[in-house]
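Biologist: Could you show me how to read charged pairs and polar contacts in a model? I am new to this one.

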Amino acid sequence: MASAIPKHVWEMFIRATPQDVWALLADDEKTPLWQHFNMTSRTEWVVGGAITFFVGDREMIVGKVLEIDPPHRFVHSFSAQWSPDVAVDPASRVTWLIEAVGENACKLTLTHDDFGGDTATSKAVGGGWPEALSRLKTLAETGEPFYIAAPMHG
């Protein structure tokens with residue numbers, strides 16, 4: 001029996017237009033995704049461009065923009081660098097799909113896959129994405145950043 005190929009998928013509905021969600025996602029100064037981890041991001045918003053998340057000057061996640069179709073689809077590679085056990089893993093893939101639902105809402109589906117097997121990265125990302133996506137949803141719906149005292153990993 002073949003082992004299951006790791007794939008994480010999260011879906012959520014957001015009371016905001018795809019354009020509003022994209023504007024937050026595509027703005028390295030506003031993106032709420034990594035604030036709790038004190039990360040900043042720098043993205044070259046073209047196919048082949050770099051996407052890098054930092055803590056201070058240290059690269060924590062590096063990747064390349066693979067596809068970009070504003071405000072509906074964004075695909076990038078994801079190579080974790082935060083510890084030696086994940087740094088040896090091959091790059092994985094993150095796909096953001098934003099679909100309009102009515103006039104003022106959208107469905108966001110984030111798929112993190114193509115891990116190259118049951119890797120340390122495939123096990124580690126399950127805790128961070130739900131928190132990051134909750135931050136994006138809250139910011140898009142209220143205009144206010146969402147902070148919690150400690151990461152919600154489970």
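Modeller: Let us go through some salt bridges and then one serine. Keep in mind that this is a predicted model.

Biologist: Which residue forms a salt bridge with Glu67?

Modeller: The partner of Glu67 is Arg73, and their closest N and O atoms are 2.8 Å apart.

Biologist: Why does Glu67 count as partly exposed?

Modeller: Buried means under 20% relative accessible area and exposed means over 50%, with partly exposed in between. Glu67 has 35% relative accessibility, so Glu67 counts as partly exposed. Arg73 counts as partly exposed too, because its relative accessibility is 29%.

Biologist: Now to helix α3. Where do Glu131 and Arg135 lie?

Modeller: Both lie in helix α3, which covers residues 120-142. They are 4 residues apart, about one turn of the helix. Glu131 forms a salt bridge with Arg135, with 2.5 Å between the closest N and O atoms.

Biologist: Are Glu131 and Arg135 buried or exposed?

Modeller: Glu131 is buried, and Arg135 is buried as well.

Biologist: How many residues apart are Glu141 and Lys137?

Modeller: Glu141 and Lys137 are 4 residues apart in helix α3, again about one turn of the helix. Their side chains meet in a salt bridge, at 2.7 Å from N to O. Glu141 has a relative accessible area of 24%, so Glu141 is partly exposed. For Lys137 the relative accessible area is also 24%, which means that Lys137 is partly exposed.

Biologist: Let us turn to the serine. In which helix is Ser122 found?

Modeller: Ser122 is found in helix α3. Ser122 counts as buried because its relative accessibility is 4%, and the cut-off for buried is under 20%.

Biologist: What does the side chain of Ser122 have a polar contact with?

Modeller: The side chains of Ser122 and Asp118 are joined by a polar contact of 3.5 Å.

Biologist: Which residues is Ser122 in contact with, leaving aside its neighbours within four places in sequence?

Modeller: With those neighbours left aside, Ser122 is in contact with Pro6, His8, Phe115 and Gly117.

Notes
Residues numbered from 1 in each chain as written. Predicted model: local features only at pLDDT ≥ 70, side-chain atom pairs only at ≥ 80, totals over all residues. Heavy atoms only, no water. Salt bridge = Lys/Arg side-chain N within 4 Å of Asp/Glu carboxyl O. Buried < 20%, exposed > 50% of the residue type's maximum accessible area, 1.4 Å probe, protein only. Helix = DSSP H or I, 4+ residues; strand = E, 2+ residues; numbered from the N terminus. Polar contact = N/O pair within 3.5 Å; in protein donor to acceptor, adjacent residues only side chain to side chain. Contact = heavy atoms within 4.5 Å.
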